[in-house]
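Let's take a friendly walk through a protein chain together. Have a look at the sequence and the 3D view, then read on.

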Amino acid sequence: MLHRITAMLIVGFWLAMTALLVIRELYPNATDLNAIPVGHVGRLLFQHEQASGLEIYDQDTNVGFFRMEPTWTKDRRFRLLKMHGNVTLKLPGLAQRISWIGSIQFDAAFAVKRLDMNLSTGDPAQQLDIVFDSATNLAKYTLRSGGTEYLKNEFTLDQKGISELLGQIGFGPEFLAQFHSKQARTPPPDFTAMQSSVDLNGENISTFLISMKVGGQTLWEAHVSQLGQLMKARAPIFGYKLVPSGVKP
């Protein structure tokens with residue numbers, strides 16, 4: 001069971017860090033939101049507050065779904081990007097259906113204030129709760145297995161904190177050295193946005209196409225409508241395609 005717990009921690013934090021990285025590019029500056037296309041597309045989400053829902057396919061097999069809802073806190077002080085869904089992940093030593101529910105909170109200048117994420121699996125039942133709090137520069141996580149709290153800790157949101165986290169979940173000094181060396185060699189992600197269109201069951205819809213590439217390889221891309229809805233997406237690194245319900249992948 002320990003390898004499943006470790007894998008769940010890795011997947012959970014990878015998802016959380018990727019979400020924060022994407023948000024940083026969509027809303028690139030907390031005090032000076034420039035007019036680059038990527039930032040413009042990001043602002044559309046909260047301008048129209050349209051919910052999005054896509055089914056996840058691995059080739060022709062439906063393996064999950066993704067839902068996203070841009071909204072506000074009850075006091076209208078903060079924007080909230082709510083997300084939930086599930087997917088069957090096939091990784092070395094792990095074939096597991098993972099469900100998630102979470103939210104990202106923004107202030108008036110679109111600076112990320114907080115990220116909350118809950119990941120869960122069944123058979124065995126496990127839950128991972130993650131919180132990133134920019135006000136304290138801390139991340140916290142709690143892992144439960146079969147209803148029993150298994151791990152609980154916090155770490156700082158910097159290289160030292162990440163290293164401590166990896167050490168806590170069983171990765172030794174050699175892995176940490178390789179991890180930092182790979183970080184130094186990995187080129188920064190490249191985000192682009194361009195005018196595009198997508199065909200959905202014979203209807204051509206004008207969209208913005210947002211892409212994320214690292215070293216020239218596309219990690220994911222998504223078509224976003226003029227109203228800020230996700231219309232279609234794909235993640236080539238996993239072989240996943242995301243389409244609306246009733247649309248062929």
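Predicted model: local features only at pLDDT ≥ 70, side-chain atom pairs only at ≥ 80, totals over all residues.

## A hairpin to begin with

Strand E1 (residues 52-58) and strand E2 (residues 61-72) pair in the antiparallel sense, with seven bridges between them. To find the pairing in your viewer, look for Ser 52, which stands opposite Met 68 in E2.

Together, E1 and E2 make a hairpin, and two residues lie between the strands. In that turn you can find Gln 59, which has a positive phi of about 60°.

Which other strand is joined to E1 by four bridges? That is strand E13 (residues 240-243), and E1 and E13 run antiparallel.

Is E1 enclosed or open? Five of its seven residues are buried, so E1 is largely enclosed by the rest of the structure.

## The nonpolar cores

Ile 56 turns up again when we look at the cores. The largest nonpolar core has 41 residues, and Ile 56, Phe 66 and Tyr 240 have the most contacts inside it. Helix H2 (residues 37-48) supplies the largest share of this core, with five residues. There is also a second, separate core of seven residues, including Tyr 57, Val 198, Val 243 and Val 247.

What does Phe 66 touch, leaving aside residues up to four places away in sequence? Among its contacts are Ser 52, Gly 53, Leu 54 and Ile 56. Phe 66 also touches Met 83, His 84, Trp 100, Leu 230 and Leu 242.

## A stop at Asn 153

Now let's move to another strand. Asn 153 is found in strand E8 (residues 148-156). Its relative accessibility is 32%, which lies between the 20% limit for buried and the 50% limit for exposed, so Asn 153 counts as partly exposed.

How far apart are Asn 153 and Lys 140 in sequence and in space? They are 13 residues apart in sequence, while their C-alpha atoms are 5.8 Å apart in space.

## The whole chain

Finally, let's step back. The protein chain has four helices and 13 strands. Of its 249 residues, 43% are buried. Its accessible surface comes to about 13,400 Å², and carbon and sulfur atoms account for 54% of that.

Consider the contacts with a separation of 6 or more: 40% of them are between residues 24 or more positions apart.

How values were computed:
Residues numbered from 1 in each chain as written. Heavy atoms only, no water. Buried < 20%, exposed > 50% of the residue type's maximum accessible area, 1.4 Å probe, protein only. Pairing = 2+ DSSP bridges. Contact = heavy atoms within 4.5 Å. Areas by Shrake-Rupley, 256 points an atom, 1.4 Å probe, with all protein chains shown as cover. Core = buried A, V, L, I, M, F, W, Y, C linked by side-chain atoms within 4.5 Å.
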